[in-house]
Amino acid sequence: MRSSHARALIRPLALAAAMTGIPLVTAVPAVAGGVVVGGFPIDVSQAPWTVALASRDRFGGTRAGQFCGGVAIARSLVLTAAHCLTEDALGAPPSRVRDLRIIAGRTDLLSGEGREIAVRDVRIDPSYEATTNSGDFAFVTLAGELPQSAVVAMAPADDPAYTPGTEAFVSGWGDTTGGGDYARRLRAARVHVLPDDSCARAYPGGPEGTYRAATMLCAGEVAGGPDGCQGDSGGPLVAGGRLIGLVSWGSGCGRPGRPGVYARVSEVAQALQSTPGATEGP
């Protein structure tokens, strides 16, 4: 997917932009996680739940400030990767990033279509472990509402969408080659959910990371190929019309024997179902 563990270039980029006042350009503005290596262009209407996290103040205007992906799980609630919104990633707490927003309903980041909605609140899941990327979730409450048609349902733990071999769909604006070629237009890739034992063999521990089946799932192709990459972190992995994962981490992008690792959504779905009103608007 990207580098082992989460994409880690956001903070120096943000600090450089803040210090120099120069917009970030070329391949570097999108960093925390990215798609789609081996993917294909789509219109946002084909994956309307896919949103971009953006801050022009921190990441420049070259790609509308996009730095991560996210997914609408309620009209005013977006789910993304926790590592996208840490102080280490942003160079400041999210509450101090004055223009932090989501971009929804937009295929081309530089077009005028869709909406940009300010972020009202950010909550990183308390179970998140930065050293392992376990529990890599954050909840973004919006200052406005999205249409209900832009919301995707989360798959519970017993959903067959998690079955190995299931075809899934990952979307985002990240690196398309693994070499820093960031997309301006939304792209997607078809991947397959892989068995937990295959993922554990790919990431048994050490410098390339440790796979934890309770909080993670992996998807891709055993021989390598389509995958998420830098700039896609927090973006959706959808199977059968239901959200099963968020782009989280991996070793490289599309490498044989190194599938992409996603935060497993079933844990979040269970927690939200047990909290009345958790997914309702403000």
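Colleague: Is aspartate 57 buried, partly exposed or exposed?

Modeller: This is a predicted model, in which local features need pLDDT of at least 70, side-chain atom pairs count only at pLDDT 80 or more, and totals for chains, interfaces and linings use all residues. Residues are numbered from 1 along each chain as its sequence is written, and side-chain values use heavy atoms, with hydrogens and water left out. Buried means under 20% relative accessible area, exposed over 50% and partly exposed in between (1.4 Å probe, protein chains only). Because its relative accessible area is 36%, aspartate 57 is partly exposed.

Colleague: With which residue does aspartate 57 form a salt bridge?

Modeller: A salt bridge is a side-chain nitrogen of Lys or Arg within 4 Å of a carboxyl oxygen of Asp or Glu. For aspartate 57, the closest N and O atoms of the pair are 2.6 Å apart, and the partner is arginine 98.

Colleague: How many residues apart are arginine 98 and aspartate 57?

Modeller: Helices (H or I, at least four residues) and strands (E, at least two) are DSSP runs, numbered from the N terminus. Arginine 98 lies in the loop between helix 3 (87-90) and strand 6 (101-104), whereas aspartate 57 belongs to helix 2 (residues 56-59). The pair thus links distant parts of the chain, 41 residues apart.

Colleague: What separates aspartate 197 and arginine 201 in helix 4?

Modeller: These two residues also form a salt bridge, with closest N and O atoms 3.9 Å apart. Because aspartate 197 and arginine 201 are 4 residues apart in helix 4 (residues 196-202), their separation is about one helical turn.
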